[in-house]
Amino acid sequence: MANSAPPDTNQNKLKTWIVILLAVSCITALVLYFSYSPPEHKRFQSSAELDSLITLNFDHFNISDNQIRVRTVEIDTATIRKVYSVRVPPGFSKTQWHYELDKMLRPYRSSTPARVIFPERHLRIHITYGPNIVRTIQMQTDPSLVLYRDFASLILAFDRPPPESVLNRIKAFGEPIQLAIRSQSPRTEFEAIRELRRKYPHTVWLLKDNNGRNFDQLSDMDVFLNRLDLIDQIDTGARVLFYNPYEEISDNFSRQMSRKNLLLVDVSEAIHVDDLSDQRQVALAKQEMLQRSSLTLPPAVIVEGSNANIRQLQAFISALKQDHVQLRSPYFMEF
């Protein structure tokens, strides 16, 4: 019969482990205590500061003064509350406006519970500060108002198909964002691009020549495509970005594009944004985009698909929506 360890030895080992665990817990608690800093909360200095933030959000969404009526409601002998009645045109995103207001007021420990009133789909927002409702905003659709929309196409450019995690983030936006994959060798890279198109139909080719340059001459692209055995491989409706739509398209080129089921996407005057954290670059791009906005020929905005830009993409799209920019697929030429 094997000898078992003496009871005292087992108890000593157990005590040692308990002491070690207690020591680790104490050290962890000390590290958290000295390293953790709670989020800094602001305080309203006056009710006018709250009203200025509400007005600022109206301005961000181009809601003019003549769409807003402000009245005061007496709650009791000592309390009054301002009520904003706001008329907005059909198609205006009330939920987007509410989201931006909530984000603006959150640092003040202020909440913005809201309720949609049916069947009119009006939106009633209460702003609470502490236990009190301090402001009410009632947004209602006015059919007599017209929402002026601008249109643009957003294209994210990648050197290779993005990973699944990035693709899921892009899908979550629910917008027709195009993914442009740079390719110098479509024959060898075709399968990866085709697999991406199965997962995300808004995928286009950004063909490069052998020197890594964009094609800006149809004759050069014609010769390039002639070397590729893609006729039986190309998915129907595959799209190719192209930088010179003004050159006269030959009958031979049209026939070849038709046989290969290729469509040309005009990005000859695309607006390029390399860094979405560069506020000056983004402001200039937005200004040019609004100047050239068109429903039939929306300007194309090409953003580099870096990890940093993907993180900034939500804020960029929200800023476009504040300017009433609606994203849509780019114009393309069929053959």
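## Basis

Helices (H or I, at least four residues) are DSSP runs, numbered from the N terminus. The model is predicted: local features need pLDDT of at least 70, side-chain atom pairs count only at pLDDT 80 or more, and totals for chains, interfaces and linings use all residues. Residues are numbered from 1 along each chain as its sequence is written, and side-chain values use heavy atoms, with hydrogens and water left out.

## Asp 51

Asp 51 belongs to helix 2 (residues 47-60). Its relative accessibility is 10%, so Asp 51 counts as buried (under 20% relative accessible area, with a 1.4 Å probe and protein chains only). Neighbours within four places in sequence aside, Asp 51 is in contact (heavy atoms within 4.5 Å) with Lys 82, Tyr 84 and Arg 135. Between the C-alpha atoms of Asp 51 and Arg 135 there are 8.8 Å, and 84 residues along the chain.

## Nonpolar cores

A nonpolar core is a set of buried Ala, Val, Leu, Ile, Met, Phe, Trp, Tyr and Cys residues joined through side-chain atoms within 4.5 Å. The largest has 38 residues, of which Leu 154, Leu 156, Ile 170, Ile 177 and Leu 313 touch the most other members. Helix 9 supplies the largest share of this core, five residues.

Another core, of 22 residues, lies apart from the largest one; its members include Leu 50, Leu 105, Leu 123 and Ile 125.

Definitions and conventions. Buried < 20%, exposed > 50% of the residue type's maximum accessible area, 1.4 Å probe, protein only. Helix = DSSP H or I, 4+ residues; strand = E, 2+ residues; numbered from the N terminus.
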